[in-house]
Amino acid sequence: MRILSYGIVILSLLVFSFIEFSVHARPVVLVLSNDDLNSGGDDNGVGESSDFDEFGESEPKSEEELDPGSWRSIFEPDDSTVQAASPQYYSGLKKILSAASEGNFRLMEEAVDEIEAASSAGDPHAQSIMGFVYGIGMMREKSKSKSFLHHNFAAAGGNMQSKMALAFTYLRQDMHDKAVQLYAELAETAVNSFLISKDSPVVEPTRIHSGTEENKGALRKSRGEEDEDFQILEYQAQKGNANAMYKIGLFYYFGLRGLRRDHTKALHWFLKAVDKGEPRSMELLGEIYARGAGVERNYTKALEWLTLAAKEGLYSAFNGIGYLYVKGYGVDKKNYTKAREYFEKAVDNEDPSGHYNLGVLYLKGIGVNRDVRQATKYFFVAANAGQPKAFYQLAKMFHTGVGLKKNLEMATSFYKLVAERGPWSSLSRWALEAYLKGDVGKALILYSRMAEMGYEVAQSNAAWILDKYGERSMCMGVSGFCTDKERHERAHSLWWRASEQGNEHAALLIGDAYYYGRGTERDFVRAAEAYMHAKSQSNAQAMFNLGYMHEHGQGLPFDLHLAKRYYDESLQSDAAARLPVTLALASLWLRRNYADTVLVRVVDSLPEVYPKVETWIENVVFEEGNATILTLFVCLITILYLRERQRRQVVVVADPVAADVAQPLDADVAQHLAAFPR
């Protein structure tokens with residue numbers, strides 16, 4: 001009986017490997033200590049006149065100037081786009097994307113040959129693609145050295161995507177002195193792109209999976225105008241619902257919910273919402289007129305709308321009014337005192353951009369006494385609220401040692417956060433659009449390109465596609481479609497990079513890869529290291545796995561006390577682990593009380609027997625013909641049993657002797673029961 005019970009425990013533990021704990025994103029909170037502050041030194045250009053947030057006064061640069069060799073002309077063709085790269089480069093790039101979509105490895109081979117020819121002719125953007133090709137081993141033998149060399153040539157030629165790839169390579173090697181220089185340049189370009197980018201700087205890449213399953217909720221919200229919820233909202237707006245009008249305007253203005261950014265449509269819906277008395281649209285109309293987004297720039301109208309919004313209690317509008325007074329736009333003249341007062345009103349109402357702009361005033365000493373420490377505190381508050389330019393200011397301060405102690409590692413991290421919002425981040429949206437259309441091959445290529453550039457979400461998405469879709473991922477290897485080995489190795493590499501950047505699920509999968517020998521040599525010690533990394537991020541399943549490894553002495557010392565501690569921590573971290581942890585604790589009890597017995601040896605053999613039994617059930621029992629026969633046999637046995645039961649009941653009723661005997665027995669029983677006190 002005990003053997004059977006313990007067998008059930010072990011089988012349940014095996015099943016547990018398929019149970020997924022809930023994963024919660026933990027927000028990053030920046031904490032500023034007195035040791036970090038450094039009030040000495042000149043600003044060395046940390047604060048420039050263009051540092052003020054919200055509105056830009058200079059003529060924006062084109063996409064091609066900011067991101068030479070951009071892929072936008074392929075995904076969003078525009079007659080006004082000037083292609084600085086060679087026609088051969090764009091021809092080859094189009095073929096690569098088509099080959100990935102169609103799963104045509106011969107076309108892919110032709111495309112890579114064409115790109116290589118352009119690369120040999122000195123085209124830096126083609127050299128960047130060859131760096132990507134050698135980096136993943138697509139139609140060419142994988143070579144880190146050749147990939148690095150091509151990216152170096154491409155970066156020297158001005159290719160920003162190669163600069164992102166090089167910066168991430170240096171970051172992984174802790175070469176912060178080199179990484180910080182590249183990320184600083186990329187972050188500056190990203191900040192400049194905020195003025196003209198069709199993508200909102202506040203939109204994060206979409207994770208297409210949740211654990212091992214598709215993230216259906218996030219994907220549903222990314223379908224743009226095809227989303228049923230959006231269509232309902234649009235119908236409500238057309239029927240005169242002011243709140244719906246405002247929301248649609250917001251979606252178009254920032255490019256949310258999978259919609260392409262469209263200032264003209266945003267303006268249309270905001271104006272209609274204001275006509276219906278919706279106050280929140282007033283502030284955005286003020287911003288639209290100040291930016292000249294979809295309309296001719298008009299600071300007077302901007303001030304009017306912002307003032308109306310502020311009167312309606314939308315205190316973030318004070319930030320825009322303060323900016324206009326700093327610049328002297330739409331008002332009689334510059335007035336730094338009024339600007340400070342308006343920024344302070346925005347700060348009093350917890351507006352992130354108000355914190356940022358007030359920080360700039362103190363950093364530069366505009367209308368206030370220069371106070372770098374105070375400026376730094378304002379920047380930290382804005383950064384914790386997700387204000388991208390605040391991260392950029394803090395990065396510059398850590399980089400130069402102005403206001404904060406020089407810290408290249410922190411500077412690199414902050415610059416990277418900003419750089420990842422540059423115009424090249426559009427690759428993420430195009431990848432998502434391809435995935436939603438069922439074009440998994442194109443999505444994989446785009447996510448793989450972003451993965452090389454250091455985007456953790458893209459690394460995770462590409463790895464998940466390889467694991468989830470297998471051969472259907474259209475993965476291209478050295479000489480055609482990826483072999484199982486190539487695909488597992490590529491997924492393993494991507495998960496590893498993602499885990500290095502804090503993805504606990506990736507760290508967990510890396511541990512599984514080493515534990516089971518998927519895409520790499522089986523190594524319990526490295527599996528334990530990966531699980532420990534995931535455990536440091538409070539991953540409940542990693543804690544459970546560490547407990548299991550201590551219980552069995554796999555990659556970790558045999559220690560039942562530590563095993564119990566990890567099982568307990570797993571339950572504390574996630575209540576969903578109650579059942580598997582209870583079974584695991586029962587396993588520990590049996591192992592402690594029946595150590596070195598035949599019982600334990602039998603139980604330890606069950607994990608080896610279970611896959612064979614599972615395979616036999618799948619191949620024999622669940623084989624279509626056998627399953628049909630088995631089903632008919634069970635039905636026949638059931639029918640025979642029911643008929644026999646019915647026959648016996650008829651016999652009992654028909655036998656009068658049995659009936660006479662049965663009646664007194666019932667009376668006797670009743671009499672005896674009545675004798676008991678109640």
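**Figure 1. The salt bridge between R260 and E433 in the predicted model.** The closest N and O atoms of R260 and E433 are 2.9 Å apart. R260 is located in the loop between helix 12 (242-254) and helix 13 (263-275), whereas E433 belongs to helix 22 (residues 426-436), so the pair ties together parts that are 173 residues apart in sequence. R260 counts as partly exposed, its relative accessibility being 35%.

Figure 2. R72 is part of helix 3 (residues 72-75). With a relative accessibility of 9%, R72 counts as buried, whereas R260, at 35%, counts as partly exposed. A search of the whole structure gives 27 salt bridges.

**Figure 3. The salt bridge between R140 and E116.** Here the closest N and O atoms are 2.7 Å apart. R140 occupies the loop between helix 6 (124-136) and helix 7 (144-156), while E116 is in helix 5 (residues 105-120). The two residues are 24 residues apart, and their pairing links distant parts of the chain. R140 has a relative accessible area of 15% and, because this is under 20%, is classed as buried. E116 is partly exposed, with a relative accessible area of 26%.

**Figure 4. The salt bridge between K485 and E489 within helix 25.** The closest N and O atoms of K485 and E489 are 2.5 Å apart. Both residues lie in helix 25 (residues 484-500), where they are four residues apart, about one turn of the helix. K485 is exposed, its relative accessible area being 56%. E489, at 34% relative accessibility, counts as partly exposed.

**Figure 5. Helix 8 (residues 160-172) and its ends.** Helix 8 contains 13 residues and reaches 18 Å from its first C-alpha to its last, close to the 18 Å expected at 1.5 Å a residue. Because 11 of its 13 residues are buried, helix 8 is largely enclosed by the rest of the structure. At the start of helix 8, a side-chain oxygen of N159 comes to within 3.1 Å of the backbone nitrogen of Q161. D174, which follows helix 8, has a positive phi, near 60 degrees.

**Figure 6. The largest nonpolar core and the surroundings of M138.** This core has 176 residues, of which W71, M108, M138, Y183, Y415, Y447 and I465 touch the most other members. Helix 9 (residues 176-193) gives the most to the core, contributing nine residues. At least three residues of the core come from each of domain 1 (63-193) and domain 2 (209-412). Leaving aside residues up to four places away in sequence, M138 touches I96, M108, V112, F132, V133, I445, M476, G477 and R490. In the protein chain as a whole, buried residues make up 49% of the 678 residues.

**Figure 7. Positive phi values at R257 and M474.** Most residues other than glycine have a negative phi. R257, which is not a glycine, has a positive phi of about 55 degrees. M474 is found in the loop between helix 24 (456-469) and helix 25, and at 26% relative accessibility M474 counts as partly exposed.

**Figure 8. Overall context of the close-up views.** The protein chain has 33 helices and four strands. Among contacts in the protein chain between residues at least 6 apart in sequence, 60% join residues at least 24 apart.

How values were computed:
Residues numbered from 1 in each chain as written. Predicted model: local features only at pLDDT ≥ 70, side-chain atom pairs only at ≥ 80, totals over all residues. Heavy atoms only, no water. Expected span 1.5 Å × (residues − 1). Buried < 20%, exposed > 50% of the residue type's maximum accessible area, 1.4 Å probe, protein only. Polar contact = N/O pair within 3.5 Å; in protein donor to acceptor, adjacent residues only side chain to side chain. Core = buried A, V, L, I, M, F, W, Y, C linked by side-chain atoms within 4.5 Å. Domains from an automatic or database assignment. Contact = heavy atoms within 4.5 Å. Salt bridge = Lys/Arg side-chain N within 4 Å of Asp/Glu carboxyl O.
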